[in-house]
Structure formats: C-alpha cells, structure tokens
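My plan is to look things up one at a time and jot down what I find.

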Amino acid sequence: MVEHETVVHDITRTAAQPGGWVERAATGRAVVRCTCGLDSGIVAATQAVQIADDHRRTSAEART
C-alpha cells in the first residue's frame, strides 16, 4: 500500500519550430507534489529532488 506518492514535475519551455515540430527545453525549475498535500511551488530542479527525498524519508520515519 502506498501512503504517499511524491512526484517531481520538471518544468519545460516549448517553442514551435518550422514544419510543425515542437522543441522542449529544460528550464532548470521543477515542482514537488505529494498526495499528502505537499506542494513546493516552483523551485530549482536540484532543490526539488532534495525536497522529494527529504519528504519521502520523513514520511517513512513517521510510519515506523
């Protein structure tokens, strides 16, 4: 049973190219969201990974 589902969503920028192609470029920003209600807002991608890891760790410790 999964009590928390924590996800890091990378934020990309899209730009239309000639011929109908779409180019996606990383912005270096992300959002962390969890089913428990955690929403980090827009933060640096490296910080988002740390937030998600810390949240998973503290959630696991709270269950024990």
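**Entry 1: a residue in the helix.** I began with Ala-60, which is partly exposed because its relative accessible area is 32%. For the record, buried means under 20% relative accessible area, exposed means over 50%, and partly exposed lies in between (1.4 Å probe, protein chains only). Ala-60 sits in helix α1. I also checked Ala-60 against Thr-35: they are 25 residues apart in sequence, and their C-alpha atoms are 14 Å apart in space.

**Entry 2: what I am looking at.** This is a predicted model, so I note that local features need pLDDT of at least 70 and side-chain atom pairs count only at pLDDT 80 or more, while totals for chains, interfaces and linings use all residues. Residues are numbered from 1 along each chain as its sequence is written, and side-chain values use heavy atoms, with hydrogens and water left out.

**Entry 3: the parts list.** I found 1 helix and 3 strands in the chain. Along the sequence they follow the pattern β-β-β-α. Helices (H or I, at least four residues) and strands (E, at least two) are DSSP runs, numbered from the N terminus.

**Entry 4: overall dimensions.** I looked up the radius of gyration, and the chain has 15 Å, whereas a compact globule of 64 residues would have one near 11 Å. That radius is taken over C-alpha atoms, and the globule rule is 2.2 Å times the number of residues to the power 0.38. The C-alpha atoms fill a box of roughly 55 × 25 × 15 Å along the principal axes. Of the 64 residues, 16% count as buried. The chain exposes about 4,700 Å², and carbon and sulfur atoms supply 53% of that. These areas come from the Shrake-Rupley method with a 1.4 Å probe; for residues, only the protein chains shown count as cover.

**Entry 5: the sheet.** In what order do the strands of the open sheet lie? I read β1-β2-β3, with antiparallel pairing. The edge strands are β1 (6–16) and β3 (43–44), each pairing on one side only. Two strands pair if DSSP finds at least two bridges between them. I traced 11 bridges between β1 and β2, while 2 bridges join β2 (residues 22–34) to β3.

**Entry 6: between β1 and β2.** I picked out two bridges here: Val-7 has Arg-33 in β2 as its partner, and Ala-15 has Glu-23 in β2. The hairpin of these strands has 5 residues between them, and Gly-19 in that hairpin takes a positive phi near 90°.

**Entry 7: Ala-30.** Is Ala-30 buried or exposed? It counts as buried because its relative accessibility is 0%. Ala-30 is in strand β2 and stands opposite Val-43 in β3. Not counting residues up to four places away in sequence, Ala-30 touches Val-8, His-9, Asp-10, Ile-11, Gly-41, Ile-42, Val-43, Ala-44, Ala-45 and Ala-48. Contact here means heavy atoms within 4.5 Å. I also looked at Ser-40, 10 residues from Ala-30 along the chain, and the two C-alpha atoms are separated by 8.9 Å.

**Entry 8: Thr-6 and His-55.** Thr-6 is in strand β1, and I count Thr-6 as buried because its relative accessible area is 8%. Which residues does Thr-6 touch, not counting those up to four places away in sequence? I listed Val-32, Arg-33, Cys-34, Ala-52, His-55 and Arg-56. His-55 belongs to helix α1 (residues 45–63), and it counts as buried because its relative accessibility is 15%. Leaving aside neighbours within four places in sequence, His-55 is in contact with His-4, Thr-6, Cys-34, Cys-36 and Leu-38.

**Entry 9: contacts and charges.** Among contacts between residues at least 6 apart in sequence, 30% join residues at least 24 apart. Last, I looked up 7 positive and 8 negative side chains, and the centres of the two sets lie 6 Å apart. Lys and Arg count as positive and Asp and Glu as negative, with His and the chain ends not counted. The place of a charge is taken as NZ of Lys, CZ of Arg, CG of Asp or CD of Glu.
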